Amino acid sequence: MPVVKLAPNEVCMNSAMSACAKAGQWEVALSCLSVMPAMKLSPDKMSYSAAISACEKGGQWQLALSLLTVMPEMKVTPDMISYKAAVRACKQASQWHLALVALSPGHKSLGGALAPELSALLALGPAPWAEDLRTVLAPFLSSWRENPKRPTVVLEGLGKERLPGVAELVLSYMMDNKVEANVIHHNSAISTCEKVGNWQLAIGILLRMHEIQVKPDTISYNTAISSCAKAGDSWQALNILRRMAEVQLQPNQISCNSAITACEKDGQWQMALALLGMMPEMHVVPDEITYSAAIGSCEREGKWQLALGLLEFMPEARLMPNEYSYSAGMVACEKGDRWELSLNLLSMMPRMRVRPDRINYNSAISACATGAHLELASQILQHMSRIQVTPDAVTYNCVIAACSATGDSTQALGLLRRMADVQLQPDQISCNSAITACEKDGQWQMAVALLGMMPEMNVVPDEISFSAAIGSCKQEGKWQLALGLLELMPAEGLMPNFITYNSALNSLHETDAGTSLFRHALELDVFPGLLERGEHRLDLHDLSSGAGILAVRWWLAEVVPQLLADDAKPPRYLMIITGWGKHIKDGSESQLRRAVGELLEDLGLAEAVRKARPGSKEDAARAGLFVWGQRKLDPL
């Protein structure tokens, strides 16, 4: 069989040196670099960068700097990767002064460098020189005076590195040393702030432009508004938009879209819609992004009617809704408890020549979960596979949430296994939903087992994880296990909260341990709303049935007798507020209300109770009441 000899090329050698860099094998990397000329191969930027990176990881800062300085002699221009690797090597060895010498514009080997080397130096964050920025900037000052483009590249580099504070200091240093900082420099600094949502600094730079008589342009204002949008500060975004008119700058689509996005994130749907309506007066034509952001503002507040209205109006405005528009409308319908309308929007998309993407399908599945329609959610998941839309972790989480809503532990656990099969990493949402499904399905063993397996899955349990597992122990009366899980939480760095105590008391309410735990919860003020409106009103909203029973027993045994003993000011009535349950619409009683009613009957207080029905005046403020009038207090 003939032997085939393959000659390595530059790509092969660079890949080998990159592997050496990752493994910290700097000697092998340098050997590869040194033999390339003998093999008639020309080292390039990638070759030197890989070798410098290998020296950095091997702690060879002298060799790293030597390779950097020899690059221009070999007619290879250093790039940001080369500079960063060399500077990191100096940083590790605390050799900042040598890094500054090697990277300064006057260094003969580098021949008057431009800006990437300074960006590389500043991008490494806090360092010994951070307290005296002048030390770092001084060597570059003369080159900046000669070529204004150099500080621009530095500021843009800091933007890529997301260092707005350093960019602002660079601007200040330029002005202190009479280096002209023009509108482009300021825009680069504002853009750096925008990338990290630092609207305060962005606005500060914008205002300072007026003070030093550098006239901001539309880009300046648009970037500042965009920074407010990323931070979700609608007031500041709208204020800057108004300021544009004051300085006679014409807002454009970017200005208005960014401001509407700020309103969307800030939950100001009224302002978002008002700005959308004002755009024609501002001589700005709304586009698909405008409407999508406005629909998104309705989504956040569950204003599904308005969201659908905007979607329907878009074709009249000669605009076609896109994937984001439909997704925002679907989420608005979900939050408005209209899951079926979300599915209608999904089915409408192909007819409107819009191909649903993964986000659209995820929104539809999430709506099914909200409506506790597991079968529909599963069908959508299967449909995604058929049309080659790859589900992601969010997709599976939504389907598992549907399992949680319906109490189907078998399918929930099956989906968790399937995530591993398709190499998707489960997260807290995945596991918590699956544990909740086990809780509702009465599978306490599986719930506790899954809680224990979470660290092996690289998922850190949280309070919700423990609460669901503790709640599952009620099904089989495993109150000792519930108490043990509660006591385990501090060791895991978690503090039991309202939800956790609620779940634990639901399992322990028939035991002495439950009574003690309830008193401990009172001492910790876990249930601050119990007597929020006066000691004559016991508000059990959001309590589990077990926690509610313990609260009623405590109230009747300790609070009510003291009220009745006050002859000077006896209460006109006593009231227990249970609520009807957030998701009960047919007039049936919630588990809590039913449990409290049975307890009062066992205590012989049923005849003294007058129950408020839905729609009554008493129900207008808070539904689900047990009320005793003044003449009926004796049985207590």
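Predicted model: local features only at pLDDT ≥ 70, side-chain atom pairs only at ≥ 80, totals over all residues.
## Overall make-up

The protein chain has 636 residues, and buried residues make up 51% of them. Its secondary structure comes to 34 helices and four strands.

How much of the contact in the chain links residues 24 or more positions apart? Take the contacts with a separation of 6 or more. Residues 24 or more positions apart account for 64% of these.

Glu194 sits in helix H12, residues 183-196, while Lys230 sits in helix H14, residues 218-231, so the pair ties together parts that are 36 residues apart in sequence.

Are the two partners buried or exposed? Glu194 counts as buried, at 13% relative accessibility. A residue is buried when its relative accessible area is under 20%. Lys230 is partly exposed, with a relative accessible area of 44%.

## A salt bridge inside one helix

Arg243 forms a salt bridge with Glu246. Here the closest N and O atoms are 4.0 Å apart. Both residues belong to helix H15, residues 234-246. They are three residues apart, so about one helical turn separates them.

Arg243 is partly exposed, with a relative accessible area of 31%. Glu246 is exposed, at 60%.

## A salt bridge from helix to loop

The side chains of Arg358 and Asp392 also meet in a salt bridge, at 3.4 Å from N to O. Arg358 lies in helix H22, residues 358-370, and Asp392 lies in the loop between helix H23 (374-386) and helix H24 (393-406), so this pair ties together parts that are 34 residues apart in sequence. Arg358 counts as partly exposed, at 34% relative accessibility.

Helix H24 also holds Ala393. Leave aside residues up to four places away in sequence, and Ala393 touches Met419, Leu424 and Gln425. Ala393 and Asn362 are 31 residues apart in sequence, and their C-alpha atoms are 9.9 Å apart in space.

## Helices H19 and H20

Helix H19 covers residues 304-313, and helix H20 covers residues 323-335. They pack at an angle of about 155°, with their axes 8 Å apart. Angles over 145 degrees count as roughly antiparallel, so H19 and H20 are roughly antiparallel to each other. Their crossing is left-handed.

Which residues make the contact? H19 supplies Trp304, Ala307, Leu308 and Leu311. H20 supplies Ser325, Tyr326, Gly329, Ala332 and Cys333. By class, this contact of H19 with H20 has seven nonpolar, two polar and no charged residues.

## Helices H26 and H27

Helix H26 (residues 428-440) packs against helix H27 (residues 444-453) at an angle of about 160°. Their axes are 8 Å apart. H26 and H27 are therefore roughly antiparallel to each other. The crossing of H26 and H27 is left-handed.

From H26, the contact takes in Cys431, Ala434, Ile435 and Cys438. From H27, it takes in Met446, Ala447, Leu450 and Leu451. How do the residues of the contact of H26 with H27 divide by class? They come to eight nonpolar, no polar and no charged.

## Residues in loops

Gly58 lies in the loop between helix H3 (45-57) and helix H4 (61-70). With a relative accessible area of 27%, Gly58 is partly exposed. The C-alpha atoms of Gly58 and Gly24 are separated by 5.4 Å, although these residues are 34 residues apart along the chain.

Two further loop residues have backbone angles worth a look. Most residues other than glycine have a negative phi. Lys75 is not a glycine, yet its phi is positive, at about 60°. Lys75 is placed in the loop between H4 and helix H5 (80-92). Lys75 is exposed, with a relative accessible area of 80%.

Asp525 is not a glycine either, and its phi is also positive, at about 60°. The place of Asp525 is in the loop between helix H31 (512-523) and strand E1 (537-539).

Note on methods
Residues numbered from 1 in each chain as written. Heavy atoms only, no water. Helix = DSSP H or I, 4+ residues; strand = E, 2+ residues; numbered from the N terminus. Buried < 20%, exposed > 50% of the residue type's maximum accessible area, 1.4 Å probe, protein only. Axes fitted to C-alpha atoms, helices over the stretch in contact; angles between N-to-C directions. Parallel < 35°, antiparallel > 145°, perpendicular 65-115°, else oblique. Left-handed = near helix turned anticlockwise from the far one by under 90°. Contact = heavy atoms within 4.5 Å. Nonpolar A, V, L, I, M, F, W, Y, C, P; charged D, E, K, R; others polar.
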